[in-house]
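Have a look at the fold below before reading on. The notes start with the sheet and end at a single residue.

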Amino acid sequence: MAKKLIRLDDLGGYVFSTNKDFEFNNEEQTQETPAPSQQKLEAHLDKENRGGKIATVIKGVEGNEEGLKTLAKQLKTLCGVGGSAKDGEIIIQGNFRDKIMDFLIKEGYKVKRVGG
């Protein structure tokens, strides 16, 4: 049988510490999404580990996951293809770098073309 992992939530959120000055802060910290003009993005074309198929990768997106996924959805809808968003990167299937760069510049982002 596989071992069942015990999570901190399963223990009722208790934190044990030997530090007498330790203060437990239970508030979730949310990362605010900076304005588009304050973000510097990079537009890459990538075909490594993709079976020879090309993907457009937008790197450097800052902010919370919700903002990242919203921008990714806009780009996927614009190009009419699939893709994903995680860890500050948006991956769009296919070679749509120029189309995406034009869209992002119109939205106020600073976009740099990287690679050939």
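## Ground rules

This is a predicted model, where local features need pLDDT of at least 70 and side-chain atom pairs count only at pLDDT 80 or more, while totals for chains, interfaces and linings use all residues. Residues are numbered from 1 along each chain as its sequence is written, and side-chain values use heavy atoms, with hydrogens and water left out.

## The sheet

Five strands make an open, mixed sheet, ordered β3-β4-β2-β1-β5. Strands here are DSSP E runs of at least two residues, numbered from the N terminus, and two of them pair if DSSP finds at least two bridges between them. At the edges sit β3 (83–86) and β5 (110–113), each pairing on one side only. Neighbouring strands are turned by 20° against each other on average, direction ignored.

β1 (residues 40–46) and β2 (residues 55–59) run antiparallel, paired over five bridges. D46 stands opposite A55 in β2.

## The helices

Helices are DSSP H or I runs of at least four residues. Helix α1 (residues 65–79) lies across β2, β3 and β4 (89–93), at about 20° to β4. Angles run from 0 to 180 degrees between N-to-C directions, with axes fitted to C-alpha atoms, for helices over the stretch in contact. Helix α2 (residues 97–107) packs on the sheet too, touching β1, β2, β4 and β5, and its direction makes about 160° with that of β5.

## Zooming in on T56

T56 belongs to strand β2. A polar atom of the T56 side chain lies 3.0 Å from the backbone nitrogen of F96.

How values were computed. Contact means heavy atoms within 4.5 Å. A polar contact is a pair of N or O atoms within 3.5 Å; within protein, one must be able to donate a hydrogen and the other to accept it, and residues adjacent in sequence count only if both atoms are side-chain atoms.
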